[in-house]
Amino acid sequence: MNVPVPGEIDRRLLNERSVPGRIGLQMPGLDVPEQPLPDAGLLRSQEARLPEVSQPEVVRYFTALSRMNFSVDTNFYPLGSCTMKYNPRVNEELAFLPGMAGIHPHQPDETVQGALQLIWELQSDLGEITGLPGVCLGPLAGAQGEYSGLMIARAYFADRGDTGRTVALIPDSAHGTNPASAAMAGLEVVTVPSDAQGNVDVEALRGLVDQRTCVFMLTLPSTLGLFEPNILEITGIVHQAGGLIYADGANLNALLGIVKLGDLGFDIAHSNLHKTFSTPHGGGGPGAGPVLVSDELAPFLPTPLVTRDGDTYRLTAPERSIGRVNGFHGSFGVLVRAYAYIRAVGVEGMRQVAENAIINANYIRVALSDEFGGDADRICMHECVFSPQAQKAKGVSALDISKRLIDYGIHPPTMYFPLIVPEALMVEPTETETKDTLDRFIAVMRQINREIDEDPDLLHDAPHDAPNTRLDEAGAARNPYLRWQPDEDSQAAD
Ligand SMILES: *Cc1c(COP(=O)(O)O)cnc(C)c1O
């Protein structure tokens, strides 16, 4: 065994800990007569090879892993587009109540009336918040909400015998899931350019809409964190051409209580409950991306919906439903958290959430635009985008700046997105951060800017103290290594 060095990270954490014969728990003895298995073929022929570790070692392993992580519970996490806001702890407690966490989707409706009522009320709340009253909470992520919404658009036109509408118009600033969902829904994607200010190029849009337009899919606020000033003209142009207009409302933080998508002319939207309505997310955790539509499109919503009949709630299928988009009724635990969040914040608080999100983002925008190439003049919504091209000219990239932030205990902003902004750094502070935290972030960014002139290698080699430094992200995504495997069977085994 190597002699440990004081202060060094215990590297054993990352190594094999399993020792044959070591046991971490004790099974109770058999207290019923032993029975032969009805079908011995169901029994595996070989012992399952599991890690053999003691209980304290398991606890230390997971605790140590958690300490290698960044999270909103440990650090400021200004990840643009992903809204990493604080998730009130009471929401967790409510989601874990036995009546919430212990129910089964196959239970008869009459035994889960409370859960169905919660779904029904959340459907109504989201309909009210967005002005799109037809709501299905089923989709499990934003991207699945997009897919559902686009399938609704297709079903709506098919129902009218208007089969030539096969084009989805999508701005060049869109989130990558938009064109992917459109392609999956069988639509042809046509890109709409942005103008010099980052708004939709209205004249270009006018030239692109025609009788083949199925939907125009627009993110609001845009992925640049900007409110689309020509939105009413845009919805008018699309409707005049007979198309539908889809709002990517993944992030509603800037709109809550201020403006409703339905009032702006949108026909379909999705919203990510795991961004706007609490729920801890990241790392691919559970989400919910409800799809929201106007009354006219409601008959096409996915199934099931919850309807109320007097005092009884039941699961029903809309008349001309596009069908199921997943096995059951959605990510119920996420729905409970969203419901709790909306009830706790209330109507008044909703607007305050949006206003504080907007003020926080603008505070950072104004403080850092001169140094980091942001738009100093235009008010942003819940997030702001910087373009550190001057730093790039000195040999320091947006990636280097992001990595250096880790040394200061700050999670990097979203990088290199939207694609139309060179060296993009997209900062979303959220409404839950204090002014002190924002001031510290601003001070750190300014200090990093000084370091670029004084000692650029500090940035090139960053982060200096993190458990991992520069990762092969593409490799990690393509060949994920997510679980323990016994030493002998290398990864080729499965
Ligand atoms: C996050 C996001 C999505 C996708 O949501 P997922 O839940 O990750 O599928 C779509 N559009 C925008 C603008 C987003 O920010």
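Where does Thr83 lie? Thr83 is found in the loop between α1 and α2.

The model is predicted: local features need pLDDT of at least 70, side-chain atom pairs count only at pLDDT 80 or more, and totals for chains, interfaces and linings use all residues. Residues are numbered from 1 along each chain as its sequence is written, and side-chain values use heavy atoms, with hydrogens and water left out.

**View A. Thr83 and Tyr416 have positive phi without being glycine.** Thr83 has a phi of about 40 degrees. The residue is buried, at a relative accessible area of 1%; buried means under 20%, exposed over 50% and partly exposed in between, with a 1.4 Å probe and protein chains only. For Tyr416 the positive phi is about 55 degrees. Tyr416 sits in the loop between β11 (414-415) and β12 (425-427) and is partly exposed, at 33%. Helices (H or I, at least four residues) and strands (E, at least two) are DSSP runs, numbered from the N terminus.

View B. Pro304 belongs to the loop between β7 (291-293) and β8 (305-309). Pro463 is placed in the loop between α14 (457-460) and α15 (473-478).

**View C. Arg343 and Asp125 form a salt bridge.** The closest N and O atoms are 2.5 Å apart; a salt bridge is a side-chain nitrogen of Lys or Arg within 4 Å of a carboxyl oxygen of Asp or Glu. Because Arg343 lies in helix α10 and Asp125 in helix α4 (residues 113-130), the pair ties together parts that are 218 residues apart in sequence. Asp125 is buried, with a relative accessible area of 14%, whereas Arg343 is partly exposed at 40%. The structure holds 22 salt bridges.

**View D. Glu233 pairs with Arg206 in a salt bridge.** The N to O distance is 2.8 Å. This pair links distant parts of the chain, with Glu233 in helix α8 (residues 231-240) and Arg206 in helix α7 (residues 202-208), 27 residues apart. Glu233 is partly exposed, at 38% relative accessible area, and Arg206 is partly exposed at 39%.

**View E. Asp309 and Arg314 form a salt bridge.** Their closest N and O atoms are 3.0 Å apart. Relative accessibility is 47% for Asp309, which counts as partly exposed. Arg314, at 35%, is also partly exposed. Elsewhere, salt bridges that share partners join Glu121, Asp125 and Arg343 into one network.

**View F. The second largest pocket holds about 380 Å³ of space.** Its lining comprises 22 residues, and those nearest its centre are Val72, Asn87, Thr279, Pro280 and His281. Elements giving two or more residues to this lining are α2 (89-95), α9 (273-276) and α10 (332-372). By class the lining has seven nonpolar, nine polar and six charged residues. Ala, Val, Leu, Ile, Met, Phe, Trp, Tyr, Cys and Pro count as nonpolar, Asp, Glu, Lys and Arg as charged, and the others, Gly among them, as polar. On a 1 Å grid over the protein atoms alone, a pocket is an open set of points with protein on both sides within 12 Å along at least five of seven lines, a cavity is a set where a 1.4 Å probe fits but cannot get out, and lining residues have an atom within 4 Å of a point.

**View G. The largest cavity contains about 70 Å³ of space.** A search of the whole structure finds four cavities of 30 Å³ or more. Residues lining the largest cavity include Pro171, Ser173, Asn199, Leu218 and Glu228. The lining divides into four nonpolar, seven polar and one charged. A volume is the space filled by probe spheres set on the grid points, which are joined across faces, edges and corners.

**View H. Helix α12 (residues 398-407) is mostly covered.** Seven of its ten residues are buried, among them Ala398, Ile401 and Leu405. The charged residues Asp400, Lys403 and Arg404 are buried too. Gly409 follows α12, and its phi is positive, near 75 degrees.
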